[in-house]
Amino acid sequence: MKEIKVLIADDVEETRKNIRLLLELDQMITVVGEAGNGREAVELTNSIQPDVVLMDINMPDVDGIKATEAISVATPQVAVIIVSVQGEQEYLKRAMLAGAKEYLIKPFTADELSSTIKRVVELHRKRWQELGKMETSSEVKKHQPTVVTVFSTKGGVGKTCICTNLAVALARSTREKVGLVDLDLQFGDVAVMMNIFPKRTIAELMQEQGELDAELLENYLYERSGVKVLASPNKPELSELITPEGVARVLKAFTHSYDYVLVDTPPIFNDTTLVALDMSDRILLLASLDLPTVKNIKRSVDILKTLGLLPKVKLLLNRSTGSHGIEPEDVERVLELGIDGQLPSDGKLVIQSVNRGQPFVLADANAPIARSVENILPLIDPRMKVDERQEVPRAAKKKGFFGKPIIGIR
Ligand SMILES: Nc1ncnc2c1ncn2[C@@H]1O[C@H](COP(=O)(O)OP(=O)(O)O)[C@@H](O)[C@H]1O
Ligand SMILES: [Mg+2]
């Protein structure tokens, strides 16, 4: 056991001296201070931080009960032991309610005194250790950031629409901190779709000297509908300022203080996109029902597999409704992946929302496409439940375009 530091609080100097003498017999215990009233006891406890306060009840100014209460609130890691005389039972009860850990009735022997102190300290230290463990584990649980990259090697497939709407839907339904990074560094559309005219973008952030921490990052973010956005550069040529290491630092800074970090990407496997894919917990791979896209995505799947990233992938089918000549089942067969989520076509609502810079999950929360975004949320965080009623109807089953031979896109 570590050394035990004790503060003696009693208004009678003689009593303090006697207790000190008794405690000096025990090598484990050191008297670190004496207080003549409750006020002094509280002040000294604050400054000295002893392990134990031996507290008399009847003291002038602030009595022992009030002092015990103050210490239990301000410095709960300090254990108070009440020292009283026979006949103070009612006070004792109040002292225990005020937070005292134990009491000693005068007169007591040196042995009784030191064994009580040691028992109380041991128990108290254990309790604090347990509490510390619980706090750390709940903190870890509380802050488990999830990084999600929306990716597709095809342009115009709906990455930015889905990424922005997912971010807003996440912020709305979880009320947690959601960040959104536009890594389409040359032709990013996140700012337009979120109605932001950014002066500060990732390009300016990259030119900052010193450590890129959560505080610095915050200066470069624009808030829309509960989502904090880091915009892509205002000019395509500025994209050269953003290195893979820079992207890693940005994402790291986001994960320090954000619960969800969504990343929008260009339709290519470049080095900055690869960093995001690598740092992601979830990759939402976007496909649509047209032959060039499926062919293209098939190649992406092969690359993701080679990179060992396939386990993080969830396949989403955008514009799944309507007549295409290709069925979702064909896509699954070709990609050798199951479709995890589908979003229907809604040309009117989507184009309106894009042009107004207002995500459609806000413009019309009841539209099937908005509800389908909500249904994708459990792919990001399984704690969110799918509402069965919101399942998006699949396109009427027709004979697959690919029929049997699917060699053409292998
Ligand atoms: N589910 C959908 N229904 C109708 N139109 C859509 C849908 N998803 C996307 N679009 C249209 O496709 C366009 C391109 O989408 P965008 O998100 O910019 O694609 P990407 O980021 O993959 O290049 C949008 O402007 C929007 O009008
Ligand atoms: Mg885009």
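## Around ligand 1

Let's start with the ligand. Ligand 1 has 19 residues around it, and Gly158, Lys159, Thr160, Cys161 and Val350 come nearest (a residue is near a molecule if its C-beta atom, placed from the backbone, lies within 6 Å of it). By class, this shell holds 7 nonpolar, 8 polar and 4 charged residues; Ala, Val, Leu, Ile, Met, Phe, Trp, Tyr, Cys and Pro count as nonpolar, Asp, Glu, Lys and Arg as charged, and the others, Gly among them, as polar.

Two helices, α6 (159-174) and α14 (347-356), each bring at least two residues to the shell. The most comes from α14, with 4 residues. Helices (H or I, at least four residues) and strands (E, at least two) are DSSP runs, numbered from the N terminus.

## How to read the model

This is a predicted model, where local features need pLDDT of at least 70 and side-chain atom pairs count only at pLDDT 80 or more, while totals for chains, interfaces and linings use all residues. Residues are numbered from 1 along each chain as its sequence is written, with chains lettered from A and ligands numbered from 1 in the order in which they are written.

## Two domains

The domain assignment gives domain 1 (4-140) and domain 2 (143-409); such bounds come from an automatic or database domain assignment. The C-alpha centres of domain 1 and domain 2 are 59 Å apart.

## The sheet of 5 strands

One open sheet runs β2-β1-β3-β4-β5, 5 strands with parallel pairing (two strands pair if DSSP finds at least two bridges between them). At its edges stand β2 (29-35) and β5 (102-105), each with a single partner strand, so one side of each is left without a neighbour in the sheet. From one strand to the next, the twist averages 25 degrees. Angles like this run from 0 to 180 degrees between N-to-C directions, and axes are lines fitted to C-alpha atoms, for helices over the stretch in contact.

Strand β1 (residues 4-9) pairs with β2 in the parallel sense over 6 bridges, and valine 6 has valine 31 in β2 as its bridge partner. Helix α2 (residues 38-48) lies across β1, β2 and β3 (52-56), at about 135 degrees to β2. Helix α4 (residues 89-97) lies across β4 (79-84) and β5, at about 175 degrees to β4.

## The sheet of 8 strands

Another open sheet has 8 strands in the order β8-β9-β7-β10-β6-β11-β12-β13, and its pairing is mixed. Here β8 (222-224) and β13 (339-343) are the edge strands with a single partner each, so one side of each has no neighbour in the sheet. The twist averages 25 degrees from one strand to the next.

Inside this sheet, β11 (residues 282-288) and β12 (residues 313-318) pair in the parallel sense over 6 bridges. Serine 288 has asparagine 318 in β12 as its bridge partner. Helix α13 (residues 328-335) packs on the sheet and touches β11, β12 and β13, with its direction at about 145 degrees to that of β13.

## Helices side by side

Helix α12 (residues 291-306) packs with α13 at an angle of about 35 degrees, their axes 10 Å apart. Val294, Ile297, Lys298 and Val301 of α12 and Val331, Val334 and Leu335 of α13 make the contact (C-beta atoms, placed from the backbone, within 7 Å). By class, that contact has 6 nonpolar, no polar and 1 charged residues.

Helix α10 (residues 244-257) and helix α11 (residues 271-279) also pack at about 35 degrees, with axes 8 Å apart. By class, their contact has 7 nonpolar, 1 polar and 1 charged residues.

Technical notes. Two residues are in contact if their C-beta atoms, placed from the backbone, lie within 7 Å.
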